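Biologist: Please take me through one part of this model in detail. I would like a close look at the disulfide and the strands around it.

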Amino acid sequence: QVQLAESGGGLVQAGGSLRLSCAASGSIFSVNSMGWYRQAPGKQRELVAVITSGDSTNYGEFVKGRFTISSDNAKNTVYLEMNSLKPEDTAVYYCNLRLNGRYARYEYWGQGTQVTVSS
């Protein structure tokens, strides 16, 4: 059993900053990657940022240098520093964890944390 505990969402004015955290616990074996996705009302879930166990990162095109993903592998925790937030960044942000099993890859999602950016 794996649990993902997200924190750090909230309401912020445009141009402001937020830091999201996600801590994984439970049967954590070989981590492939941890990351963040988001889903706004009426839209599909999209990649925000992902970081691999080897510290490679990938960001959604809309990030454009505003967000930074980092991780603490010893704590199985991933962070997302979000700066210069825009109203269009308003969404539910979901933590994602991918584990490498012997024969398959396992994927887990957090419950989501709301980020609201006011204009």
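Modeller: Cys 22 and Cys 95 form a disulfide, with their sulfur atoms 2.0 Å apart. The model is a predicted one. The structure holds 1 disulfide. Cys 22 sits in strand β3 and Cys 95 in strand β9, so the bond ties together parts that are 73 residues apart in sequence. The torsion about the S-S bond is about -85°, so this disulfide is left-handed. Is each cysteine buried or exposed? Cys 22 has a relative accessible area of 0%, under the 20% cut-off, so Cys 22 counts as buried. Cys 95 also has a relative accessible area of 0% and is buried.

Strand β3 covers residues 18–26 and runs antiparallel to strand β8, residues 77–82, with 6 bridges joining the two. Leu 18 stands opposite Met 82 in β8. These two strands belong to an open sheet of 4 strands, in the order β1-β3-β8-β7, with antiparallel pairing.

Now the Cys 95 side. β9 pairs with strand β10, residues 105–109, in the antiparallel sense over 5 bridges. Leu 99 has Tyr 106 as its bridge partner in β10. The two strands form a hairpin, with 4 residues between them.

Next, the core. The largest nonpolar core has 27 residues. Trp 36, Val 48, Val 78, Leu 80, Met 82 and Tyr 93 have the most contacts inside it. Several strands each supply at least two residues of this core, among them β3, β8 and β9 (91–100). The largest share comes from β9, with 5 residues. Val 48 shows some of the packing. Leaving out residues up to four places away in sequence, Val 48 touches a set of residues including Trp 36, Tyr 37, Phe 62, Phe 67, Leu 80 and Tyr 93.

β4 (30–39) and β5 (46–52) also supply core residues, at least two each. They run antiparallel, joined by 6 bridges. Gly 35 stands opposite Val 50 in β5. The hairpin of β4 and β5 has 6 residues between the strands, and Gly 42 there takes a positive phi near 80°.

β5 also pairs with β6. Those two strands run antiparallel, with 3 bridges. Ile 51 stands opposite Thr 57 in β6. This hairpin has 4 residues between its strands, and Asp 55 in the turn has a positive phi of about 70°.

Ser 53 lies in the loop between β5 and β6 (57–59). Its relative accessible area is 44%, so Ser 53 is partly exposed. Not counting residues up to four places away in sequence, Ser 53 touches Val 31, Asn 32 and Asn 73. The Ser 53 side chain reaches the backbone oxygen of Val 31 at 3.4 Å.

Notes: Residues are numbered from 1 along each chain as its sequence is written. Side-chain values use heavy atoms; hydrogens and water are left out. Two strands pair if DSSP finds at least two bridges between them. A nonpolar core is a set of buried Ala, Val, Leu, Ile, Met, Phe, Trp, Tyr and Cys residues joined through side-chain atoms within 4.5 Å. Buried means under 20% relative accessible area, exposed over 50%, partly exposed in between (1.4 Å probe, protein chains only). Contact means heavy atoms within 4.5 Å. A polar contact is a pair of N or O atoms within 3.5 Å; within protein, one must be able to donate a hydrogen and the other to accept it, and residues adjacent in sequence count only if both atoms are side-chain atoms. A disulfide is a pair of cysteine sulfur atoms within 2.5 Å.
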